[in-house]
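Here is a walk through one structure. Keep the view open beside the text as you read.

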Amino acid sequence: MSTTSERPSFSPAAASSSPPAPSLGEVEAIFKMPLLELIERAHALHRQYHPGGEVQLCQLLSIKTGGCPEDCAYCPQSAHYKTGVKAEALLDAGQVLAEARQARDSGATRFCMGAAWRQAREGADFERVLEMVRGVADLGLEVCCTLGMLTASQAQRLAEAGLTAYNHNLDTSPEFYDRIISTRQYADRLQTLALVRDAGIQVCCGGILGMGESEADRIRLLHVLASLPQPPESVPINALVPVEGTPLEKQHPVEPLEMVRMIAAARILMPQSKVRLSAGRLALSDEAQTLCFYAGANSIFVGEKLLTTPNPETDRDRALLQRLGLSPEPSNSRAETQRSAWQSGQPSGAATGGLAAALSAMQTELDRLELAGRRRKLTLPYGIDFCSNDYLGLAGDESIRARMLQWLESSQRLGSGGSRLVRGHAEEFERLEQRFAAFYGAETALFFPSGYAANTGLLSAIAHPGDVFFSDALNHSSLIDGMRLSGAERRIYPHLNLAALEKLLEPPKKADQYRWIVVESLYSMEGDRAPLQELARLARQYQAALIVDEAHASGILGERGEGACAAAGIQDVLLASVHPCGKALGAAGAFVCGPRILRDWLINRARPFIYSTAPPLWLAAQLEAALDRLQNEGWRRERVRALAAELRARLRAAGCKLADEHSPGRDEHSPIISVLFGSDPAAVAAEKMLADAGFDCRAIRPPSVPEGSARLRISVHATHTRTRLVQLAEAFRRLHSPGGDPGPLPSDL
Ligand code: SAM
Ligand code: DTB
Ligand code: SF4
């Protein structure tokens with residue numbers, strides 16, 4: 001391996017979602033830094049990316065112990081060695097869930113199930129594992145599994161069951177691998193990791209120190225991990241636990257400071273990942289563990305056993321964290337009560353029950369969100385609006401206001417007085433629905449009180465357990481909630497990846513199984529577009545139907561602003577398109593457009609429609625007036641699209657990384673432009689700097705967008721002036737060159 005004495009030049013830019021892959025030389029330079037300097041740098045990044053001072057507690061359970069056909073030289077569970085670990089059958093799901101509940105009650109927020117398998121085999125055992133995953137997820141815990149190699153469909157099924165992460169370690173460098181394992185290849189490992197990633201499951205992948213590997217092997221392992229298409233969300237660093245009977249039984253214990261060095265380098269190279277101080281803690285002093293935490297470890301396994309080998313006692317771990325002022329990371333569910341119980345050593349039952357306890361649990365969780373920079377607050381609008389969805393500027397349009405005043409003068413009723421099925425119906429709605437159906441090129445339309453109600457109402461009404469939804473990974477939460485409510489199976493494919501979708505599609509299993517492909521025509525956070533015609537081709541080929549949420553396309557795309565569906569020639573497979581009116585139309589509510597039978601079905605089955613009070617009648621008047629503007633003033637649409645293309649170019653020139661840069665559905669004229677910052681604190685700081693410069697441009701953070709892709713989402717409006725665009729781009733330029741002179745803007749823009 002080449003060596004270099006240069007100082008490391010690689011720096012994980014705070015303003016990017018996934019740092020560029022480092023070269024091997026850069027990894028080496030980081031790894032070989034003087035230890036104190038390395039720790040100092042790792043700690044600074046650790047504080048920046050993980051400001052809460054929290055350590056996640058995970059609990060392991062061996063659900064299928066021993067008798068493994070693989071020959072991993074470190075492993076007490078391999079059938080090749082006599083270690084005293086007996087081969088056992090897969091545990092009962094009930095027994096596993098009881099363990100998981102106990103783990104949760106003692107403060108763990110992640111439960112990891114390990115099976116001594118070369119690969120997970122289809123059949124009753126795999127079905128039982130899926131049942132365990134569903135059960136553990138229902139307990140509000142993060143669920144991780146490590147079951148050996150997987151197929152694509154197994155990864156998919158684990159994802160659907162609610163698996164958070166899959167642990168599959170590379171263990172060491174590709175060069176050293178065959179000295180440790182002969183029954184499988186490094187490439188097999190990488191293959192499963194890719195399938196896990198494709199299924200939308202988080203990747204947990206790390207290694208073991210102390211197996212006789214060289215420093216170069218550790219550097220190579222880190223290089224491989226940091227160069228995966230996306231770095232693993234979770235990186236376990238294990239110290240070999242030498243087990244009698246294994247080929248590595250006589251290995252010298254790893255130097256504690258070598259663990260610290262490995263953890264610090266992992267923290268620098270994968271700043272957003274959880275770095276887990278994993279096996280081998282029994283051999284580490286409290287002081288060595290302290291240094292590991294300082295260098296960037298933010299998770300440990302708790303409980304008196306790992307899979308088959310011993311682990312420190314829970315009380316010792318509790319005391320150590322308390323002494324260090326580190327707190328166990330709570331889950332985003334009800335784990336708060338367990339967290340305080342864990343800290344105090346009390347069983348969780350002591351803190352349960354009653355209004356005061358419930359409110360106090362909520363407050364503690366809110367405090368945690370605050371610390372992590374994720375607490376959401378209501379903020380009144382400020383500055384120049386570059387964040388609302390009022391793309392055409394109709395929300396405050398004078399002529400619409402004048403028409404509504406006229407309507408109010410002549411109208412007797414304001415509120416609707418009841419649901420549409422009970423006296424809340426009105427001629428105004430009937431007319432409105434017919435007019436909008438004609439505009440959107442559909443047979444009928446049904447008006448819902450909001451886009452959320454339309455999507456949840458539609459999806460939960462049309463599908464049943466046994467049906468299957470094929471859902472783009474970046475679909476809006478209202479679509480996700482609707483699919484969940486239906487009880488149908490949900491198969492998620494990576495954003496706009498039709499090859500992955502096609503792999504998931506298969507002919508229906510039974511005549512009465514219905515299959516729905518669910519997409520947005522213009523994605524709300526990325527601003528890119530779904531390929532509707534190709535999706536329709538797949539729907540035809542695999543006997544599925546399409547559902548398209550036109551939330552951000554309505555009023556913007558299409559010859560007349562009717563959205564993307566009408567002109568796409570997909571009516572033969574299109575069950576419904578959804579057109580919210582709170583965006584380009586500047587009002588509220590949403591139309592579900594589709595065949596007459598669908599409308600009749602929704603009137604009978606869509607619960608948000610049936611059980612909501614009908615919208616106020618003045619809303620119908622506002623929508624009539626807004627549609628007039630949309631139809632008569634095509635310049636608004638053209639202007640938004642032209643301004644959007646100009647702003648994109650200016651932002652790129654200002655050094656911004658745009659979320660849709662590599663998307664196959666990129667649309668230069670899309671009015672939604674997301675500028676990536678990666679970490680939450682970086683996005684929030686950028687929001688504040690733009691606010692100081694007079695722009696209202698909000699940070700969007702997980703869970704609204706995937707982890708590590710916090711961003712500022714800009715929306716372009718027909719009412720923006722070019723001067724404003726120039727000023728906004730300039731503000732971004734300053735953001736990217738703090739303190740320095742950003743230089744003049746290119747004159748050709
Ligand atoms: N069979 C599955 C596999 O190999 O992926 C899952 C179980 S395996 C026990 C999970 C991981 O535990 C291994 O990849 C290895 O990194 C770690 N491990 C196993 N035995 C160990 C030991 N004696 N010391 C340290 N880590 C160990
Ligand atoms: C990981 O990297 N370490 C954990 C977890 N992933 C599954 C397992 C450690 C196992 C140590 C040996 C044993 O207890 O059998
Ligand atoms: Fe089997 Fe996993 Fe142990 Fe290897 S590490 S022997 S695959 S249980």
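A polar contact is a pair of N or O atoms within 3.5 Å. Keep in mind that the model is predicted.

Stay with ligand 1. Around ligand 1 stand 16 residues. The closest are T146, N169, D171, R189 and V241. In R189, a side-chain N or O atom is 2.8 Å from an oxygen atom of ligand 1. In T146, a polar side-chain atom lies 3.3 Å from an oxygen atom of ligand 1. What is the make-up of the shell around ligand 1, in nonpolar, polar and charged residues? The shell divides into nine nonpolar, five polar and two charged residues. The space that ligand 1 takes is the largest cavity.

Now turn to ligand 2. Ligand 2, too, sits in the largest cavity. Its surroundings include T146 and N169, residues already listed among the closest to ligand 1. Also around ligand 2 are L60, P76, N167, P236, N238, F301, L306, L307, T308 and T309. A polar side-chain atom of N169 lies 2.8 Å from an oxygen atom of ligand 2. The side chain of N238 has an N or O atom 2.8 Å from an oxygen atom of ligand 2. L307 uses its backbone: a polar atom there is 3.0 Å from an oxygen atom of ligand 2. Of the 400 Å² of accessible area that ligand 2 has on its own, the protein covers 89%. The shell around ligand 2 holds six nonpolar, six polar and no charged residues.

Leave the ligands and look at the aromatic rings. A pair of aromatic rings is described by the distance of the centres and the angle of the planes. How many aromatic pairs does a search of the whole structure find? The search finds ten. One of them is formed by Y514 and W516. Their centres are 6.4 Å apart, with 40° between the planes, and the pair is tilted. Y514 is at 44% relative accessibility, so it counts as partly exposed.

Elsewhere, ring pairs build a cluster. It links F429, F436, F439, Y440, F447 and F591.

Definitions and conventions:
Residues are numbered from 1 along each chain as its sequence is written. Chains are lettered from A and ligands numbered from 1 in the order in which they are written. This is a predicted model: local features need pLDDT of at least 70, side-chain atom pairs count only at pLDDT 80 or more; totals for chains, interfaces and linings use all residues. Side-chain values use heavy atoms; hydrogens and water are left out. A residue is near a molecule or strand if one of its heavy atoms lies within 4 Å of it. A polar contact is a pair of N or O atoms within 3.5 Å; within protein, one must be able to donate a hydrogen and the other to accept it, and residues adjacent in sequence count only if both atoms are side-chain atoms. On a 1 Å grid over the protein atoms alone, a cavity is a set of points where a 1.4 Å probe fits but cannot get out, and a pocket is an open set with protein on both sides within 12 Å along at least five of seven lines; lining residues have an atom within 4 Å of a point. A molecule sits in a cavity or pocket if more than half of its atoms lie within 2 Å of its grid points. Ala, Val, Leu, Ile, Met, Phe, Trp, Tyr, Cys and Pro count as nonpolar, Asp, Glu, Lys and Arg as charged, and the others, Gly among them, as polar. Rings of Phe, Tyr and Trp (its six-membered ring) pair if their centres lie within 6.5 Å; planes under 30 degrees apart count as stacked, over 60 as edge-to-face and the rest as tilted. Buried means under 20% relative accessible area, exposed over 50%, partly exposed in between (1.4 Å probe, protein chains only). Accessible areas come from the Shrake-Rupley method with a 1.4 Å probe; for residues, only the protein chains shown count as cover.
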